[in-house]
Amino acid sequence: MSIQQGRLQESPLQEAPARISGKLRAAALPGTQRTTGKLLATQGYVVGIEISGSGARQSVALADLNGTILQQVRRPLEYVLDTKTVLQLLDGMLAEVMAPDHLQDGRVLRVGVAVGGLVDAAHGVVRTLHHAHGWDNFPLQDYLAERLDIPCIIDNNANAAALAEVQYGAGMGERVVLYVALGRGIGGGMIINGRVYHGTTCTAGEIGHLLVKENGPKCSCGGFGHLEAIASAQAISRTMIGLSVEYPETEAAIHRITGARAERITAEQVFRLAAEGDRVAQRIVDDVHTYLGIALANIVHLINPGMIILGGPVAQAGDLLIVPLQARIRDLCLPAAGEDLRVVQGRLGTEANIVGAVTLALQDI
Ligand SMILES: [Zn+2]
């Protein structure tokens, strides 16, 4: 059953009053805050969608207006083939979570999408999805809004996760927060007074491409010496495997910790091997602390956050990452900028992106 059929036959959407987006509503009533819409919405649901560039995480969630996730489905892909495959997959997942018996309390008011790529949030367009084809300048927001007949909002996944951590996780009550997503790539989201700071062309927070090491390793974007090429999960694992070839002891340690599947070594395991005394792992971890420290100290001087939240797989290393990193940042910062700064691990873990997608939708009502 397609979503279209399901909606037309059974969903209460048909009786819903004429929809008007928060933006239009605010524009129509001069002086009215966008939050006015929230007061009007006392029942119903929102849907969150997570699309990752690597394909590893594709999920859809149905949440109530308090942000509690009621239904969730996940369909990981080996890799993202093209738009058609992903959109078909989404169709199936949306039909599942939006089944009529899940919508007893009303209709779905908004759909929020967290996309693991460059997103023009102002126009609802996916600029590019690294490692995937057919997504360049894809108008995902309009596509979904038309297909579902529900207003939709899209943003980059690090921005969405940042919002989620400030709303429900480690950053509650913080006014200026930098969220750093240390995954396959490195993303960042800045939340200022409860809102994502997007910049002029929606690329604010793309901290993976900060130049931290002249003539450093090649980045996914084609540049050299970018933070992502040194401190992302992929860079850490790849460097560890590459260097271990010359060090039999390290090779044996990798063999042991991965159960003989060296190619699967995670960044967290590299941190553990470093803590156990492996010299190669220590070198890699030291580079991560150094260059991540430089990047974050520079950002601290620019935006003066009260908190830096670390998310994504590399952050699973916990204190092994955070304690030395916080010390490096303090060393590099003016006391007035670094003294009260807290560097913490995200509380939402691997759910940050999907909770972020739900939060985007809720914030837009
Ligand atoms: Zn780059």
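Biologist: Where does Asn 353 lie?

Modeller: Asn 353 sits in helix 14, residues 352-363. Helices here are DSSP runs of H or I with at least four residues, strands are runs of E with at least two, and both are numbered from the N terminus. Before we go on: this is a predicted model, where local features need pLDDT of at least 70 and side-chain atom pairs count only at pLDDT 80 or more, while totals for chains, interfaces and linings use all residues. Residues are numbered from 1 along each chain as its sequence is written, and side-chain values use heavy atoms, with hydrogens and water left out.

Biologist: Fine. Why does Asn 353 count as buried?

Modeller: Buried means under 20% relative accessible area, exposed means over 50%, and partly exposed is in between, using a 1.4 Å probe and protein chains only. Asn 353 comes in at 17%, so it counts as buried.

Biologist: And what does Asn 353 touch?

Modeller: Skipping residues up to four places away in sequence, Asn 353 touches Glu 50, Ala 114, Asn 157 and Ala 161. Contact here means heavy atoms within 4.5 Å.

Biologist: On to the metal. Which residues coordinate the zinc ion?

Modeller: His 209 and His 226 each bring ND1, and Cys 219 and Cys 221 each bring SG, at 2.0 to 2.3 Å. Donors are N, O and S atoms within 2.8 Å of the metal (3.2 Å for Na, K and Ca), and water is not among the atoms, so sites may look incomplete. Along the sequence the donor residues are spaced H-x9-C-x1-C-x4-H.

Biologist: What makes the arrangement around the zinc ion tetrahedral?

Modeller: Four donors count as tetrahedral if all angles lie between 85 and 135 degrees; four count as square planar and six as octahedral if opposite donors are over 155 degrees apart and all others between 65 and 115, and anything else is irregular. The donor atoms around the zinc ion subtend angles of 98 to 119 degrees, so the arrangement is tetrahedral.

Biologist: What makes a set of residues a nonpolar core?

Modeller: The set has to be buried Ala, Val, Leu, Ile, Met, Phe, Trp, Tyr and Cys residues joined through side-chain atoms within 4.5 Å. The largest one has 49 residues, and those with the most contacts inside it include Val 180, Met 240, Leu 296 and Leu 310. Helix 11, residues 279-303, gives this core its largest share, 13 residues. There's a second, separate core of 32 residues, which includes Tyr 45, Leu 62, Val 108 and Trp 135.

Biologist: Helix 11 also holds Ile 284. Why does Ile 284 count as buried?

Modeller: Its relative accessibility is 6%, so Ile 284 counts as buried. Leaving aside neighbours within four places in sequence, Ile 284 is in contact with Ile 236, Thr 239, Met 240, Leu 243 and Val 270.

Biologist: How many aromatic pairs are there?

Modeller: Two. Rings of Phe, Tyr and Trp (its six-membered ring) pair if their centres lie within 6.5 Å; planes under 30 degrees apart count as stacked, over 60 as edge-to-face and the rest as tilted.

Biologist: Why is the pair of Trp 135 and Phe 138 called edge-to-face?

Modeller: The ring centres of Trp 135 and Phe 138 are 5.6 Å apart and the planes are at 75 degrees, so edge-to-face it is. Phe 138 and Tyr 143, at 5.8 Å centre to centre and 50 degrees between the planes, form a tilted pair. Trp 135 is buried at 0%, and Tyr 143 is partly exposed at 29%.

Biologist: What is the phi of Asn 215?

Modeller: Near 55 degrees, a positive value in a residue other than glycine. Most residues other than glycine have a negative phi. Asn 215 belongs to the loop between strand 10 (195-196) and helix 7 (228-231), and with a relative accessible area of 75% it is exposed.
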